[in-house]
Structure formats: C-alpha cells, structure tokens
Amino acid sequence: MDAKWWQSAVVYQLYPRSFQDSDGDGVGDLPGILRRLDYLQDLGVEVVWLCPIFASPGVDNGYDVADYCAIDPVFGTLADFDRLVAGLHARGMRLILDLVPNHTSDQHPWFQASRASRDNPKRDWYVWRDGHDGGPPNNWASIFGGPAWTRDAATGQYYLHLFTPQQPDLNWDHPAVAEAVGEAARWWLARGVDGFRIDAITCLKKAAGLPDMPNPEGLAAVPAYPRFLNAPGVLGAVDRLCQAAFAGRDLLLVGEGNGISPRQSEAWVGPRHHRLSLVMHFEHWHLDTGDPAAPLNVVALKRSVGRWQRALAGRGWNALYLENTELARVVSRWGDPQRFPRESAAALATAMYLLPGTPFLYQGQELGLANPRFRRLDEFRDVVARRRIDEGRARGESEEAILAELQASGRDNARTPMPWDDGPWGGFSEGQPWLWAAPADPGANVAAEEADPDSVLNYYRRLLALRSREPALTMGAYRPRLGRHRQLFAYTRETPAGRILVIANLSGTATRYRHGDGRLGRDDLLLATRPVPPHPPVGTFTLAPFEARVYRVA
Ligand code: NOJ
C-alpha cells in the first residue's frame with residue numbers, strides 16, 4: 001500500500017477537561033491547550049486527538065453531544081478553536097476530533113423532536129419500541145450497566161441506549177441519520193480538522209429484530225455485546241457514514257474497535273475498502289485481571305500483538321496504544337508502580353511503540369504516571385463509577401471493596417488533571433479542579449521531568465525521535481523473537497537497508513538474553529532505559545527488571 005502521512009505520525013490523545021485550565025474554573029479549556037503546543041511538539045507529537053469538546057450536558061463528559069457543531073462554553077469558543085487549528089497547523093501538526101455517531105445526548109434537538117410524538121418526522125432517527133409484558137422490549141443490558149431501554153412517558157414507548165439513559169442511540173438504519181451526522185463532520189472538516197476518532201463505531205448496527213440475549217429469566221447478566229457489537233451489517237452503516245462525510249478526502253479516521261477481531265480487521269482498514277485508516281481494538285484489555293498485584297502475562301501480550309501484526313501486514317496498518325480514557329494507568333496495570341515505576345513505564349513504551357503501526361499516547365502517559373491515590377468514594381466523578389458505587393451500596397457491599405475495585409480499574413484514574421509542576425493543583429488550574437486525587441508520585445510532573453535527563457518524559461522524547469529517524473522502525477517488517485519467553489518481549493524490524501532489535505524485560509526480575517545471532521556491542525546500542533557501561537561485543541547479557549534496549553544488528 002502507498003505510505004500515508006499518518007503511518008509515520010505519533011498521535012496524542014488529549015482529554016481537554018484535564019489538560020490545562022486557563023480561566024481558573026477548574027476545567028481544562030482550549031486556550032489552555034494553546035499554551036501547551038510547544039510541549040506537545042517537543043515531545044514528538046504530530047497529531048492531536050481531542051476528546052469531545054462539543055456542547056453537552058456532560059453526563060458522560062462530552063460523549064453525550066447536544067450540538068455537534070458547537071463548542072461547549074466550558075472549553076471556550078469557536079474563535080479559540082480556530083486559533084488552536086491554526087496554531088497546530090503552523091507547527092506542521094494536525095488535529096482530529098472525536099466524532100460520536102452512535103448516540104446523542106437526550107438534550108439534543110433531534111432527540112427532543114423524536115421523543116415529542118410517535119409521528120414526529122425524527123421519530124425513527126432513534127430506536128423506539130413498545131414494551132413487552134410490562135417491561136422493556138427485550139432483555140439487553142447496557143454497556144454501562146442496567147437495562148439498555150428507558151420508557152419515555154410522553155409516548156409510552158421505550159428508547160434504546162447502549163450507554164447511559166441520557167445517551168439515546170441513533171438509528172443507523174434510517175438514511176437521514178448518516179446524512180445528518182455526515183453534515184456535522186463536514187462542517188468541522190471545512191474548519192480545517194484533519195480527521196476523526198470515531199466513538200463506538202462498532203455499535204452502529206443492532207442485530208436484526210433486536211432479539212433477546214439467552215436469559216429467559218430477565219435482564220441479561222452481561223452487556224448484550226453479541227447483539228450490538230460488530231453485528232452483521234455494521235460495515236454498511238460505516239459505508240454510509242464514509243460516503244456522507246469522508247469520500248475522496250485524505251484524512252486520518254480512527255475507529256474505536258471494540259469487538260473487531262484480527263481476522264475482521266482488513267475489512268475495516270484495508271485501503272481497498274475506503275473505510276477507516278485505523279481501528280483501536282480492545283484485545284489487550286483482556287490481559288488485565290483486575291488484580292493490581294498480578295504480573296503482566298507477557299506471552300499473552302505477544303500472542304495478541306502477533307495476531308494483529310500478521311493480520312494487517314501488507315493489508316492495513318495497526319494502531320498502537322497502552323492507555324486511554326477508559327483504562328487505569330498502564331504502570332499500575334502492567335508495570336510495577338511501587339518498585340519500578342519509571343523503569344516499567346519506559347520498558348512498556350519501548351516494547352509497544354517500536355512495533356509497526358501508528359503510536360497513540362494518552363496524556364500523562366509520557367510522564368509515567370501511575371494511578372493517583374483516590375481515598376474516598378465521593379472523589380470519583382465518572383458516571384460509570386458513580387453507578388458502580390450506587391449499585392454496590394444497594395447490594396450491601398463494603399465501601400472498602402468498592403473503593404479497591406475503583407482504585408484499580410476506575411476510568412477516573414486516567415482522567416485526573418495533567419501535572420505541569422509542583423505548584424497548587426499541579427499547575428493545572430488556579431481553582432479547585434473538577435476531579436482530584438493526590439498523585440502517586442509528586443515528582444512526576446512536566447517541569448521536574450523536563451529538568452531530569454533520566455525522566456520518563458525525556459525517555460519518551462528519545463524513543464519517539466529514534467522512531468522517526470530510523471526508517472526500519474516505521475516501515476520495516478516485524479519479526480517476533482522468543483515467543484514463549486515469559487519475561488522478554490523481543491522482535492526485530494527489518495528493511496533491506498538495516499535491521500533493528502528491540503528487547504524489553506517486562507517483568508520485575510532480571511533475566512538473561514541470549515542473542516544467538518552474532519554479538520552485540522555497546523556501539524550498536526541505539527537506545528536503552530538504563531545506562532549501559534561500555535563493553536565489547538557479547539552474545540549474552542543480563543537485563544535488569546523492566547530494562548529495555550534497542551540495538552542495530554547486522
Ligand atoms: C467510548 C468512549 O471512549 C467512552 O469514554 C464513552 O463513555 C463511550 N464510548 C460512550 O460514548
């Protein structure tokens with residue numbers, strides 16, 4: 001396939017609410033982001049992905065959109081937005097927005113019209129059904145818990161919502177929906193954006209006839225994923241969106257790929273289909289056991305990476321990520337935040353971001369942040385956490401057990417304000433932030449890490465610079481090594497012009513590496529997470545806990 005600009009780019013997922021506040025209201029905003037563009041550029045970022053900034057009641061922090069073509073006043077104005085686009089483009093950087101086509105807010109005028117009466121022209125823009133036996137139309141549980149249906153008193157029918165009741169699902173079987181969402185996307189493209197991350201895109205099609213899940217007793221015990229995740233026909237809906245909004249343009253389009261398997265991936269991102277550029281699959285989420293003390297299953301991670309690399313080699317392109325707004329911090333999930341916080345942050349980054357694919361960093365990850373210290377249940381803000389707390393209390397679960405679960409896996413772990421310095425509120429805001437928990441390591445902030453050559457931040461800068469400097473690390477073929485080794489993640493990247501070896505110990509104990517393919521000298525070392533003293537070429541050496549090295553090999 002012909003190389004595309006986004007194949008060699010590094011994307012930074014930015015959570016505007018928590019990045020930088022400029023007006024002291026405790027919520028990050030667009031003028032705040034504008035102040036930090038040099039920081040992003042120095043890091044090596046080429047594309048900024050802004051999580052939703054659109055007008056929203058904020059039930060799901062902006063993933064409940066009330067107006068696709070307006071900036072929520074909490075983030076600033078359209079003029080601020082235009083300045084942001086101009087500021088990024090002036091630096092040779094690009095911007096993608098978060099498009100949310102699966103659902104709107106219940107406050108969106110489309111839904112207000114739809115719910116008004118059964119014969120409103122927008123009635124079928126959403127999914128309305130009569131109840132069944134005095135209850136909802138079927139037994140689907142929503143992704144965020146509870147029934148996926150809510151009865152609306154105005155007409156006595158139920159509407160479908162795969163997320164919260166305040167996020168009614170649009171009906172993608174109705175042709176006007178693709179046209180209307182597409183029009184909104186085109187409106188932003190005309191303002192200069194370079195693409196979109198597309199939320200919940202695998203949910204656009206629901207199983208024909210909306211059949212029950214296999215649980216005659218009542219509400220399905222788990223979200224009704226088999227009925228709405230990557231269901232037959234979903235690619236038709238994607239095609240309608242692409243036709244309405246993206247046809248013939250050179251954009252970065254990133255689908256949230258929950259439920260897509262490696263085997264299916266080519267249909268989503270293969271260039272011949274003219275659909276998306278990339279999908280972010282969820283396969284490696286399953287490596288999290290929920291037990292923060294359990295070590296990473298390195299073999300399972302390598303298998304997953306291998307499946308995706310094989311599926312897309314020469315047929316598409318991978319998205320590489322360790323963190324996002326949905327997951328706890330990777331150092332806390334897969335690393336060792338107590339004994340090796342910096343080392344594990346750097347080793348995981350080395351293993352992941354030198355693979356073939358487009359790297360995605362989530363804000364704060366480049367500082368090696370571990371989960372912050374939430375101490376009380378009332379500190380959590382996320383709608384999913386609040387629901388978990390209410391349900392747990394209603395069931396009589398202990399507060400400690402709920403707290404321990406949310407400390408390990410709550411979405412707010414990754415949503416606390418970006419720590420810029422060691423001033424009040426970490427330099428994020430002059431006012432009380434909308435969400436706060438004490439940082440795991442007060443020394444992990446931008447100012448301190450910029451001044452420390454051995455910081456995670458400076459390691460990320462070297463890692464991304466190496467990636468952009470070495471063609472083998474972008475376009476080189478991927479050859480996995482040591483597939484069954486329980487500690488080492490190793491591979492080479494190869495072009496006819498050269499070969500690069502990546503070896504990362506992703507465990508908390510030292511291990512020997514045997515090269516078995518010539519000898520490796522200090523002069524061949526391109527990057528290392530720890531100082532490596534000068535040494536003559538050797539065939540075997542020890543890697544310390546969470547140590548990673550990158551060598552040029554013959
Ligand atoms: C996925 C987003 O990443 C998440 O934050 C959001 O809550 C859901 N989609 C619903 O839009």
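Visitor: Which residues does Asn-413 touch, not counting residues up to four places away in sequence?

Guide: Contact means heavy atoms within 4.5 Å. By that rule, Asn-413 touches Ala-328, Arg-329, Asn-371, Pro-372, Phe-374, Leu-406, Gln-407 and Ala-408. Residues are numbered from 1 along each chain as its sequence is written. The model is predicted, so local features need pLDDT of at least 70 and side-chain atom pairs count only at pLDDT 80 or more, while totals for chains, interfaces and linings use all residues; side-chain values use heavy atoms, with hydrogens and water left out.

Visitor: Where is the place of Asn-413, and is Asn-413 buried or exposed?

Guide: Helices (H or I, at least four residues) and strands (E, at least two) are DSSP runs, numbered from the N terminus. Asn-413 sits in the loop between helix H13 (399-409) and helix H14 (446-451). A residue is buried under 20% relative accessible area, exposed over 50% and partly exposed in between, with a 1.4 Å probe and protein chains only. Asn-413 has a relative accessible area of 0% and is therefore buried.

Visitor: How is the length of helix H11 checked, and what is the result?

Guide: The expected span of a helix is 1.5 Å times one less than its number of residues. The 13 residues of H11 (residues 341-353) should therefore span 18 Å, and the end C-alpha atoms are 18 Å apart, which agrees. Of these 13 residues, 10 are buried, so H11 is largely enclosed by the rest of the structure. Among the buried ones are Leu-348, Met-352 and Tyr-353.

Visitor: Into which domains is the protein divided?

Guide: Domain bounds come from an automatic or database domain assignment. They give domain 1 (5-102 + 175-211 + 219-372 + 416-461), domain 2 (106-171) and domain 3 (477-553).

Visitor: How much area do domain 1 and domain 2 bury between them?

Guide: The size of an interface is often given as the accessible area lost when the parts come together. Buried area is that loss, taken with a 1.4 Å probe and summed over both parts. Domain 1 and domain 2 bury about 2200 Å² between them, 71% of it on carbon and sulfur atoms. In domain 1, Val-177, Leu-210 and Leu-219 lose the most area to domain 2, together 25% of what that side buries.

Visitor: What is the phi of Leu-210?

Guide: Most residues other than glycine have a negative phi. Leu-210 has a positive value, near 45 degrees. Leu-210 lies in the loop between strand S9 (195-198) and H6. Asn-61, likewise not a glycine, has a positive phi of about 45 degrees.

Conventions
Buried area = accessible area lost by both parts, 1.4 Å probe.
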